[in-house]
Amino acid sequence: MSRPPSRGFTLIELMVAVLVLGVLAALAYPSFLDALRRGRRAEAMTALAGVQQAQERWRSDHAGYGLDLAALGQAALTTSGYYGISLAAPAAADGTLATGYVLTAIGASGTSQAGDAACRRLSVRQLGGQLAYAGCGSCATFAYTPTHVCWSR
């Protein structure tokens with residue numbers, strides 16, 4: 001009496017399939033996280049644009065720009081909490097305080113944006129009527145350039 005042929009997978013075939021899926025996942029996951037981080041940068045850019053608009057409204061009623069987010073009616077965190085927003089006065093070329101402001105969005109600790117190696121810190125500087133953009137991963141100072149990798153235009 002002969003046995004009917006077995007149906008289904010053997011344990012070795014199943015383990016090979018699991019191994020292939022594991023390798024594919026290991027290759028795809030970092031790219032997926034990078035795409036998420038790039039997409040979440042839009043939240044920081046939107047928050048910075050909102051503060052810029054609030055600054056112009058403030059300036060229309062006052063002699064200069066405001067240096068307090070709360071007075072401008074803006075939050076210190078983005079809506080989803082991925083970035084913290086700070087506002088400061090820029091330094092002029094001669095070392096004195098200039099008319100303008102520097103907005104910075106920094107990826108919040110404990111979020112995926114804290115690990116954004118390319119653009120954890122995003123900044124907008126308004127100085128002398130000119131806007132300049134900068135961004136970096138873990139730098140201490142920014143290089144404000146006309147085109148920057150973090151601010152695609």
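**Entry 1: T104**

I looked up T104 and found that this residue is buried, as its relative accessible area is 9%. Buried means under 20% relative accessible area, exposed means over 50%, and partly exposed is in between, using a 1.4 Å probe and protein chains only. I am working with a predicted model, where local features need pLDDT of at least 70, side-chain atom pairs count only at pLDDT 80 or more, and totals for chains, interfaces and linings use all residues. Residues are numbered from 1 along each chain as its sequence is written, and side-chain values use heavy atoms, with hydrogens and water left out.

T104 sits in strand β2. Helices (H or I, at least four residues) and strands (E, at least two) are DSSP runs, numbered from the N terminus.

Which residues does T104 touch? Leaving out residues up to four places away in sequence, I listed L48, G84, I85, S86, L122, S123 and F142. Contact here means heavy atoms within 4.5 Å.

**Entry 2: the strand around it**

Seven of its eight residues are buried, so β2 is largely enclosed by the rest of the structure.

β2 covers residues 100-107 and runs antiparallel to β1, with six bridges joining them. Two strands pair if DSSP finds at least two bridges between them. I noted some partners across these two strands: S86 goes with T104, G84 with I106, and Y83 with G107. On to β3: β2 pairs with this strand in the antiparallel sense too, over seven bridges. There, A105 has L122 as its bridge partner.

**Entry 3: the whole sheet**

I then followed the order of the strands. It reads β1-β2-β3-β4, four strands in an open sheet with antiparallel pairing. β1 (83-88) and β4 (130-136) are the edge strands, each pairing on one side only. Neighbouring strands are turned by 15 degrees against each other on average, direction ignored. Axes are lines fitted to C-alpha atoms, for helices over the stretch in contact, and angles run from 0 to 180 degrees between N-to-C directions.

What packs on this sheet? I found helix α1 (residues 11-61), which touches β1, β2, β3 (121-127) and β4, and its direction makes about 155 degrees with that of β2.

I picked Y83, which is buried, with a relative accessible area of 0%. Y83 and I106 are 23 residues apart in sequence, but I get 5.2 Å between them in space, C-alpha to C-alpha.

**Entry 4: confidence**

pLDDT is the predictor's confidence in each residue, from 0 to 100. I saw that confidence is lowest in β4, at a mean of 85, and highest in β1, at 94.
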